Amino acid sequence: MPLVLLPSSQLLLVRVAALVFSCVSFSVSAHGAMLPHGGMADWCIFCWAFSFAGTLLVLLVEQFGLQARAPVSWTNFPITLACYAALLCLSASVIYPLYFLQDGSWRGEPRDCRIAATVFSCLATVAYLGEVSLARARPGEVAAYMATAPGLLKVCQTSVACLIFILVSEPVAYDGHAALKWCMAVYCICFILSAAVVVLCVGECTGCLPFPFAKFLSAYGLLAVVMYLTATIIWPVFQFDKRYRGGGRQQPRLVAVAVLTALNFLLYLADLAYSARLVFVSV
């Protein structure tokens with residue numbers, strides 16, 4: 001007889017797989033990879049450890065039936081955590097080999113551990129993406145906000161902003177001109193507001209706002225699109241134009257910030273389209 005898996009069983013399987021893969025990634029890295037302290041090494045370890053701890057928490061709560069006692073919305077929390085974990089593991093899967101596998105001086109066990117960590121990080125990313133795919137809302141389905149496209153976009157926006165913060169912080173890349181400080185203000189303001197929306201939804205506090213939540217999302221989305229549009233234009237102009245920076249400052253991390261800024265602009269644009277449809281079509 002063929003084995004037929006229910007959605008809940010599929011979720012359990014992908015969560016257990018993600019738990020194992022993320023655990024292996026940070027375990028082999030901590031055991032024998034001989035990583036340097038600080039910087040991107042700590043970021044990758046954090047990505048895997050955070051994903052592992054969050055998934056373990058979700059599994060324990062659901063297996064012991066403690067959802068009703070959780071101080072958060074359990075319809076929003078697991079998929080939010082899974083989406084963050086997917087993006088964190090994805091970033092680690094890209095950053096880890098770029099920083100720690102290109103160095104040809106490492107041989108033997110350290111290199112083998114780094115290769116294993118990279119492989120299992122990629123597997124963890126796939127597992128978390130599978131969990132998000134299983135838990136997200138389907139067209140026409142009534143679901144929690146974080147399971148919808150706008151909710152998942154909020155998670156992506158905050159994650160991209162975190163990567164931008166890491167890239168511009170060491171060394172500081174925004175203190176050369178007032179226009180670059182404006183870009184940093186854009187990143188911070190939009191990150192805070194997007195993170196606030198995620199917290200409100202996960203904490204089931206959207207009803208505490210003195211105005212309709214849907215209209216707030218549309219107004220904030222429009223503001224964020226305009227602000228990120230300015231940053232998308234200003235950042236490359238004042239970082240790469242010889243009139244402002246000279247010819248030797250086009251570092252890869254500054255190019256990455258420009259790309260991530262454009263990516264977040266597109267994410268906010270898509271978010272605005274969804275939010276406007278929510279207000280003007282469904283109302």
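The side chain of Ser29 makes a polar contact with the side chain of Tyr96 at 3.2 Å; a polar contact is a pair of N or O atoms within 3.5 Å, where within protein one must be able to donate a hydrogen and the other to accept it, and residues adjacent in sequence count only if both atoms are side-chain atoms. The model is predicted, so that local features need pLDDT of at least 70 and side-chain atom pairs count only at pLDDT 80 or more, while totals for chains, interfaces and linings use all residues. Residues are numbered from 1 along each chain as its sequence is written, and side-chain values use heavy atoms, with hydrogens and water left out.

Ser29 belongs to helix H1, residues 7-32. Helices (H or I, at least four residues) and strands (E, at least two) are DSSP runs, numbered from the N terminus. A polar atom of the Ser29 side chain also lies 3.0 Å from the backbone oxygen of Ser25. With a relative accessible area of 4%, Ser29 is buried; buried means under 20% relative accessible area, exposed over 50%, and partly exposed in between, with a 1.4 Å probe and protein chains only. Leaving aside neighbours within four places in sequence, Ser29 is in contact with Met34, Leu35, Ile45, Trp48, Tyr96 and Ala117, contact meaning heavy atoms within 4.5 Å.

Ala18 is also in helix H1. Its relative accessible area is 0%, and Ala18 is therefore buried. When residues up to four places away in sequence are not counted, Ala18 touches Ala127 and Tyr128. The C-alpha atoms of Ala18 and Glu131 are 8.9 Å apart in space, although 113 residues separate the two in sequence.

The structure holds three salt bridges, a salt bridge being a side-chain nitrogen of Lys or Arg within 4 Å of a carboxyl oxygen of Asp or Glu. One of them joins the side chains of Glu62 and Arg15, with an N to O distance of 2.6 Å. Because Glu62 lies in helix H2 and Arg15 in helix H1, this pair ties together parts that are 47 residues apart in sequence. Glu62 is partly exposed, with a relative accessible area of 27%, whereas Arg15 is buried at 5%. Arg15 also forms a salt bridge with Glu131, and the closest N and O atoms of this pair are 2.8 Å apart. Glu131 lies in helix H4 (residues 109-135) and Arg15 in helix H1, so this pair ties together parts that are 116 residues apart in sequence. Both Glu131 and Arg15 are buried.

A further salt bridge links Asp271 and Lys154, with the closest N and O atoms 2.5 Å apart. Asp271 is in helix H8 and Lys154 in helix H5, so the parts tied together by this pair are 117 residues apart in sequence. Asp271 is buried, with a relative accessible area of 2%, and Lys154 is buried at 1%. Salt bridges that share partners join Arg15, Glu62 and Glu131 into one network.

Grid points are joined across faces, edges and corners, and a volume is the space filled by probe spheres set on the points. The search of the whole structure finds one cavity of 30 Å³ or more. The volume of the largest cavity is about 30 Å³, and its lining consists of Arg15, Thr55, Val58, Pro78, Leu81, Ala82, Tyr128 and Glu131. H2, H3 and H4 each supply at least two residues of this lining, and the largest share, three residues, comes from H3. The lining of the largest cavity divides into five nonpolar, one polar and two charged residues; Ala, Val, Leu, Ile, Met, Phe, Trp, Tyr, Cys and Pro count as nonpolar, Asp, Glu, Lys and Arg as charged, and the others, Gly among them, as polar.

The largest pocket holds about 790 Å³ of space. It is lined by 33 residues, of which Trp43, Leu87, Ser91, Ser159 and Leu163 are the closest to its centre. Two or more lining residues come from each of helix H2 (39-63), helix H3 (77-100), helix H5 (149-169), helix H6 (178-202) and helix H8 (252-280). H3 gives the largest share of the lining of the largest pocket, 12 residues. By class, 28 residues of this lining are nonpolar, four are polar and one is charged.

Terms used: On a 1 Å grid over the protein atoms alone, a cavity is a set of points where a 1.4 Å probe fits but cannot get out, and a pocket is an open set with protein on both sides within 12 Å along at least five of seven lines; lining residues have an atom within 4 Å of a point.
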